[in-house]
Amino acid sequence: MKGLNPMEEGLARAHINIALVKYWGKRDPRLNLPMNGSISVTLDHYFVTASVAMEPRRQEDRLWVNGAQASPQETQRVSKFFQRLKEYAGVSGGIVARTTANVPMASGLASSSAVFAALTKAFSLSLGLPWSSSELSRLARLGSGSASRSIHGGFVEWVKGIRNDGEDSYAVPLATMDSWPSLAFVVVQVAAGPKAVSSREGMQRVVQTSPLYPGWLASVDHDLTRVRDAIYRQDLSLLGSVAESNALKMHATALAAVPPLVYWTGATVSVIRRVQEMRAAGIEAYVTIDAGPHPVVLVEHHQAADLAYALSTIPDVVEVVTTQPGPGVEAVSAI
């Protein structure tokens, strides 16, 4: 293994993605290989920018998050990830990394998907490595499973793969970010701060203890087929109804876990009910929720403003943001 050569830092930006068919359960926790395939949309508004620079005279890695030195736990997780990237690239030495984000961290809005996608791309840029999108996706997956999907923009499918080494488990694009211009996403933050139970811990508990998990898993392939079809046909009724059903099924498995896993707040339930009421009144809107409390609502762009205003009046709603599909990971000139 050769030592690192000091080069200019690599700078990259990646956006979060929200799953329309959820990734929920791992067949191999070490490699983050999923029990099921998943489909997501990369969102434009929320992103993480990362810089990676090599420090050949050091052996330890250092990490700053939003201008502050990261906690030992955060640093350890990222350092383990960097070690795997170094092994893949055939290099050694220390790394100093910095990330800045406009998305709440570890709160249930898929911040890790953007963090590890951005770090993977920045690492490759710092060494001048021409990694393909499939390589970037496989490697980002080692840091966070959902990061495999943030390599691409627009609508994305993470193919679960069947190999034990994970070489066939990576994300592929389904439709570009500008392929469905009439579709909007209303993100409703209903809590501040990190969630009490991480997605990683939550899905492990569900797989091991929830009696509803086998039924969830058996339903996913049908959901994937219908969501692909909806994306290709630009059918909001089909896409929204399947995405909403898939999300509620996922959270049902969590509620049935031992001990029960409740990601929602009272405001989460209020948002779901308000969306259902508005749908009955003629605004076609559908809710999806990742492993956290924050609803994301699919709606036609021309109805997004009315919907966003209605949701912003719900007690305990922190922020409402309207956005659209966004780009994949990319090099940038400044953090």
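A polar contact here is a pair of N or O atoms within 3.5 Å, where one must be able to donate a hydrogen and the other to accept it. Keep that in mind for this predicted model, because by that rule 13 residue pairs, both at pLDDT 80 or more, are in polar contact across the interface of domain 1 and domain 2. So let's look at how the two domains meet.

**The two parts**
- The protein splits into domain 1, covering 10-177, and domain 2, covering 183-323.

**How much they touch**
- On the domain 1 side, 34 residues make contact, and they meet 43 residues of domain 2.
- Together the two domains bury about 3,100 Å² between them, and 69% of that is on carbon and sulfur atoms.
- In domain 1, the residues that lose the most area to domain 2 are Leu 20, Lys 22 and Trp 24, which together account for 28% of what that side buries.

**Charged links**
- You'll find two salt bridges between domain 1 and domain 2.
- Lys 22 turns up again here: it forms a salt bridge with Asp 290, with the closest N and O atoms 2.5 Å apart.

**What domain 1 brings to the contact**
- Four strands each supply at least two residues of the side that touches domain 2: S2 (10-21), S5 (38-55), S10 (155-158) and S11 (171-175).
- S5 gives the largest share of that side, with seven residues.
- Sort the residues of that side by type and you get 19 nonpolar, ten polar and five charged.

Notes. Residues numbered from 1 in each chain as written. Predicted model: local features only at pLDDT ≥ 70, side-chain atom pairs only at ≥ 80, totals over all residues. Heavy atoms only, no water. Domains from an automatic or database assignment. Contact = heavy atoms within 4.5 Å. Buried area = accessible area lost by both parts, 1.4 Å probe. Salt bridge = Lys/Arg side-chain N within 4 Å of Asp/Glu carboxyl O. Polar contact = N/O pair within 3.5 Å; in protein donor to acceptor, adjacent residues only side chain to side chain. Nonpolar A, V, L, I, M, F, W, Y, C, P; charged D, E, K, R; others polar.
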